Amino acid sequence: MAKQVTEPLSTLRVLMFPFLAYGHISPFLNVAKKLADREFLIYLYSTPINLKYASKKIPEKYADSIQLVELHLPELPELPPHYHTTNDLPHHLHHTLQKALKMSKPNFSKILENLKPDLVIYDILQQWAERVANEHNIPAVKLLTSGATVFSYFTISLNKPEDVFPFPEIYLRKSEQVKMNETLKCAKEIEPDEGDRQADGNRQIMLMSTSRIIEDKYIDYCIDFLNLKVIPVGPPVQDSITDDADDMELIDWLGTKDENSTVFVSFGSEYFLSKEDMEEVAFGLELSNVNFIWVARFPKGEERNHEDALPKVMESIDFGVPIIAMPMHLEQPMNARLIVELGVAVEIVRDNNGKIHREEIAEILKCIITGETGENLRAKVRDISKNLKSVRGEEMDAAAQELIQLCRNSNKCK
């Protein structure tokens, strides 16, 4: 249970409820810090094993303004506490974890009754959280941890498959389409229906981990055609300052290399390359003859890198680094096409069988590091990075005001 602190009457108390995955918790923490900077009191609600991870990502200055609240899932014999997260969770237990999460509704209800937050911000994968919050007369809004491009593409594909997505720059190749069709067979409808509308009949508010600088037309599409009130909260860029000894060792090593001479290779915190893909990436790096840092990840039980580097597309933009896009997860093809459209990436294209090839990897790496392509990409990255930084505070200020107004309309704050 969260510790008790004394806060001014004007403080808005927000319970944030991410999905049980590091890739969802990190964007929620990103928004939590921004809200805490604006005098909000945050309760981050998740399982103990996820909170252990989250606690390492919360700087000391947020010790009072971001409090950790434990979510205890029902006891299931096949799902011990160390599996109350998608990280290292065996594939066959993902459905069981989802089931256990839904079974935790009574516990969630008790937490709301005890904490009495002014607002709930919940993950789009947990639609039921809004209904439980409303039973306590607490307003609730979604936070989408992906961007407008991915959300709009999948929403149209799921709910209006006969429609053509109006932006030809965003598409799926044959092998990607096969994977998406398999996913859509068991996917639940995520487009808001009448039950998800605000009680006053207004369009539902959706916080979205993006910025108009990078997804302006896709945000407008969500507003105009999906009937949502989209509020960008900025891309999920993590804090770059670290005192970790291993991180400092890498920074010192980078200091010995020429500017723009090193490639950072990572595919997310919960994706494991197949043996074949890993070999192609390794040989591609060797053939390219470039400096590189590779965050290699292996399934639990195998040798693995203990570092938790959770690279995001927009983190690379923020640091001024061009991107080599190689889609892995189902949502990544859209992200890859988006950043190619923005002019900050070159995509390594999989063939019709979904395979990558070392020769193409090497060729693209050399073009990025030493060729004119790389110079053009870096210039575009610097431009977008500058624009993102210029609106960062403004976008979050607007989001905070929307949340305050929502609570006022619900008589939850003065």
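**Surface and chain**

I looked up the accessible surface of the chain: about 20500 Å², with 51% of that on carbon and sulfur atoms (Shrake-Rupley method, 1.4 Å probe). This is a predicted model, where local features need pLDDT of at least 70, side-chain atom pairs count only at pLDDT 80 or more, and totals for chains, interfaces and linings use all residues. Residues are numbered from 1 along each chain as its sequence is written, and side-chain values use heavy atoms, without hydrogens and water.

I read off 14 helices and eleven strands (DSSP runs: helices H or I of at least four residues, strands E of at least two, numbered from the N terminus). Of the 414 residues, 50% are buried (under 20% relative accessible area, 1.4 Å probe, protein chains only).

**Phe108**

I found Phe108 in helix α4, residues 105-115. Its relative accessibility is 0%, so Phe108 counts as buried. I then listed its contacts (heavy atoms within 4.5 Å), leaving aside neighbours within four places in sequence: Leu15, Phe17, Tyr45, Val120, Trp128, Ala129 and Val132. Tyr45 is 63 residues away along the chain, and the two C-alpha atoms are 9.1 Å apart.

**α6 against α8**

I checked how α6 (residues 148-159) packs on α8 (residues 212-225): the angle is about 40° and the axes lie 8 Å apart (axes are lines fitted to C-alpha atoms over the stretch in contact, angles run from 0 to 180 degrees between N-to-C directions). From α6, Ala148, Thr149, Phe151, Ser152 and Ile156 make the contact; from α8, Glu215, Tyr218, Ile219, Tyr221 and Cys222 do.
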